[in-house]
Structure formats: structure tokens, C-alpha cells
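Here is a protein chain to explore step by step. Keep the sequence and the 3D view side by side as you read.

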Amino acid sequence: QVQLVESGGGLVQAGGSLRLSCAAAGSIFSINAMGWYRQAPGKQRELVADITSGGSTDYSDSVKGRFTISRDNAKNTVYLQMNSLKPEDTAVYYCNADLISFYGTYNIYWGQGTQVTVSS
């Protein structure tokens, strides 16, 4: 059993900052990539940023230069530092992780989502 638990969402004014955290726990042998996605009302879920176990990162064009993804492998935790937030960043943010369990199975797991609302 593996769970991803997110925290750090909330309401912030435009131009402000938030930091999201996502901790993976359970029968984990190793974690490959971890990432953050978001889904705004009426829109499809989209990739925000992801990071490999070696620290290579990728960002969507809409957040480059404003958001920073990082991870702590010892804690199985991924972070998303969000600066210069805009109203269009408003969405439910989900973390995910592709990992191998102690049982040797490979799967992609998702967190429950955390709401980020940016007011203008």
C-alpha cells in the first residue's frame, strides 16, 4: 500500500507565494520520477513540473521562471515552490510518483489534490 499526501495549498493574492509538499509513504522500494499536475475547472489535467530521481527537472512553459520543483529522496517528498502567482494558476494541484514497491510492482500513484486559489 502506497499513499501520497499533499499539503500547502490555500488562498493567496496575485504576486504571492505558496509551497506545496507531497510525501510518499508505504511499501516503497524506489521512486523514479515525481511530479506536480494541476486541473482547473472545465480544463484537462496538465503537467506543471516533474523531477527525476537524479534531479533533472522539466516545467510547463506557463510556470517557467516562477515555480521550482525539488525533492528530498531520503524523505520520499517532492516540493513545489510557487512564486509570482497569477489568477490563472488557480487549480487543484496533484502530485504523482512512479515507483517500485517492495513487492516488485511498478505503478504510478496520485495524491488526493490540494486547492490553490489566487485572487486578483
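By the distance rule for sulfur atoms, the count comes to one disulfide. Keep in mind that this is a predicted model. A disulfide is a covalent bond between the sulfur atoms of two cysteines. Here the two cysteines are C22 and C95, with their sulfur atoms 1.9 Å apart. The pair links distant parts of the chain. C22 sits in strand β3 and C95 in strand β9, 73 residues apart. The link of C22 and C95 is right-handed, with 45° about the S-S bond. Are these cysteines buried or exposed? Both C22 and C95 are buried.

Now follow strand β3, residues 18-26. Which strands does β3 pair with? One is β1, residues 2-7. Six bridges join β1 to β3, and the two run antiparallel. Find L4 to see one of these bridges: its partner in β3 is A24. Another is β8, residues 77-82. Six bridges join β3 to β8, again in an antiparallel arrangement. Look at L20 this time: its bridge partner in β8 is L80.

D98 is buried, yet it has no salt bridge. How far away is the nearest side chain of opposite charge? That side chain is R71, and it is 7.4 Å away. A salt bridge needs a nitrogen and a carboxyl oxygen within 4 Å. What does D98 touch, beyond residues up to four places away in sequence? It touches I31, N32, A33, Y106, N107 and I108.

Finish with another aspartate, D72, which lies in strand β7. Its relative accessibility is 26%, so D72 counts as partly exposed. The cut-off for buried is under 20%. Leaving aside neighbours within four places in sequence, D72 is in contact with T77 and Y79. How far is D72 from Q112? They are 40 residues apart in sequence, and 20 Å apart in space, C-alpha to C-alpha.

How values were computed:
Residues numbered from 1 in each chain as written. Predicted model: local features only at pLDDT ≥ 70, side-chain atom pairs only at ≥ 80, totals over all residues. Heavy atoms only, no water. Buried < 20%, exposed > 50% of the residue type's maximum accessible area, 1.4 Å probe, protein only. Lys, Arg positive; Asp, Glu negative; His and termini not counted. Contact = heavy atoms within 4.5 Å. Pairing = 2+ DSSP bridges. Helix = DSSP H or I, 4+ residues; strand = E, 2+ residues; numbered from the N terminus. Disulfide = S-S within 2.5 Å.
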